[in-house]
Amino acid sequence: PIILAIETSCDETACAIVDSAGSILAEQVFSQMEHAPFGGVIPEIAARNHLSLLPSMLEQTLAASALKVESLTAIAASTGPGLIGGLIVGSTLGKGLAMAWQKPFIAINHIEAHALTPRLPLPHTLRHTPRVDFPYLLFLASGGHCQCIAVKGIGDYRKLGGTVDDAAGEAFDKVAKMLGLGWPGGAALEALAKEGNPKAYPLPHPMVGRAGCDFSFSGLKTSVSHLLMPYGHDPLPRQMAADIAASFQYAVTHTIEDRLTHALALFPQATALVTAGGVAANMAIRATLADLAARHNKAFMAPPLRLCTDNAVMVAWCAQEIWQAAQKKGIKLADRDGMAARPRPRWPLEELRQRFSA
Ligand code: ATP
Ligand code: MG
Ligand code: FE
């Protein structure tokens, strides 16, 4: 099948067309910067932007693919979890196209899309990325999510642990903001940390040593704000900012290493450790994860950087996996009513098990 997919769950407006082999026939991503002055995503602004951007993006994507509408097999869109306004825009547009073009509509869980992205084969790249096989342990870390998921098969997921407060990316963004690095500042913080000493400030390494694999980042964020208190609104000396950035990144990295060691113990069947989400773009974190996987005799896999952050290729690929799995089981997804799926701000992965049941 050839699938056209839409992503609008947060602040990326994206669409893509992907074929059965995972080849990207056309793709567009627009990261909305209108939120920067507010230091966080404003849901209403995000929804309005999705609405004004999407129609022309869809046209351009279709034109760039040089495909006729008739060649498309199905339309997919993220219908949750995420910001409800954006989800309504993306899924309504997707359903509208599906109706007008008489194609099936596939409702995609955004987290499942992140979870399956490391399986996307990339035949058009020189460095052929091998697909990872089930079962694997997924560490998903973005601005809105931070969780460990046992991925046993398509639709078969179990959350092993997650954050009790902030997501990892959220912590990066808040600390970056305190250091005057703008928003979203994860990447800028990583760059600054390269000039700093990770041992300069003894910050807390939250949850380290505790049972299970839950995360907590708000205490760490508060500790950084205490360090900065004496400086008020004065600019920090550059070396101090770099040392704080490095110490913070070290605390996060060490925490992730500890939590994932526990996650691997909870899910020893995993053949690979896989990561996704914007924070997976962080090279220090990637290196630590790769090292951890090697020590546990597991493969390590991370999507290419641009597929770590929100995009529509992952939504299209997720739809491909679901379509192909359904076909193997003799279920025709076309007969199933994706049209009835409502956008959902919350949508636990565990519920996806029902998808293939009769
Ligand atoms: P959602 O959580 O719904 O997936 P999102 O827009 O927050 O939405 P992504 O687009 O996957 O998620 O990721 C953005 C996050 O990743 C931001 O918090 C950003 O700061 C963080 N991030 C990006 N690059 C880096 C980096 N190099 N180091 C650390 N964090 C990073
Ligand atoms: Mg984003
Ligand atoms: Fe995401």
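**Questions on a strand, its sheet and a helix**

Colleague: Which residues point one way from strand E1, and which the other way?
Modeller: In a regular strand the side chains alternate between the two faces of the sheet. Ile 3, Ala 5 and Glu 7 point one way from E1, and on the other way are Leu 4 and Ile 6.

Colleague: What pLDDT do local features need?
Modeller: Residues are numbered from 1 along each chain as its sequence is written, while chains are lettered from A and ligands numbered from 1 in the order in which they are written. This is a predicted model in which totals for chains, interfaces and linings use all residues, side-chain atom pairs count only at pLDDT 80 or more, and local features need pLDDT of at least 70.

Colleague: How many residues of E1 are buried?
Modeller: Strands (E, at least two residues) and helices (H or I, at least four) are DSSP runs numbered from the N terminus. A residue is buried if 20 or more other C-beta atoms, placed from the backbone, lie within 10 Å of its own, exposed if 12 or fewer, and partly exposed in between. Leu 4 counts as buried because it has 32 C-beta neighbours inside 10 Å. E1 is largely enclosed by the rest of the structure, because the buried residues number 5 of the 5.

Colleague: Which residues does Leu 4 touch, leaving out those up to four places away in sequence?
Modeller: Two residues are in contact if their C-beta atoms, placed from the backbone, lie within 7 Å. With residues up to four places away in sequence not counted, Leu 4 touches Cys 15, Ile 17, Leu 72 and Ile 75.

Colleague: What is the order of the strands in the open sheet?
Modeller: Two strands pair if DSSP finds at least two bridges between them. E1 is joined to E2 by 5 bridges, and these strands run antiparallel; E1 is joined to E4 by 4 bridges, and these run parallel. E4 also pairs with E5 in the parallel sense, over 5 bridges. The pairing is mixed, and the order of the 5 strands is E3-E2-E1-E4-E5.

Colleague: Which strands are the edge strands of that sheet?
Modeller: An edge strand here pairs on one side only. The two are E3 (24-31) and E5 (105-109).

Colleague: At what angle do H4 and H6 pack?
Modeller: Axes are lines fitted to C-alpha atoms, for helices over the stretch in contact, and angles run from 0 to 180 degrees between N-to-C directions. The axes of H4 and H6 lie 10 Å apart, and the packing angle is about 5°. H4 is therefore roughly parallel to H6, since angles under 35 degrees count as roughly parallel, over 145 as roughly antiparallel, 65 to 115 as roughly perpendicular and the rest as oblique. The value asked for is about 5°.

Colleague: How do the residues of the contact of H4 with H6 divide by class?
Modeller: H4 gives Ala 171, Lys 174, Val 175 and Met 178, and H6 gives Leu 220, Lys 221, Val 224, Ser 225 and Leu 228. Ala, Val, Leu, Ile, Met, Phe, Trp, Tyr, Cys and Pro count as nonpolar, Asp, Glu, Lys and Arg as charged, and the others, Gly among them, as polar. The residues divide into 6 nonpolar, 1 polar and 2 charged.

Colleague: Which residues come nearest to ligand 1?
Modeller: A residue is near a molecule or strand if its C-beta atom, placed from the backbone, lies within 6 Å of it. Helices H4 (168-178) and H5 (186-193) are the elements that give two or more residues to the shell. Of the 23 residues around ligand 1, those that come nearest are Gly 143, Gly 144, Gly 169, Gly 186 and Gly 278.
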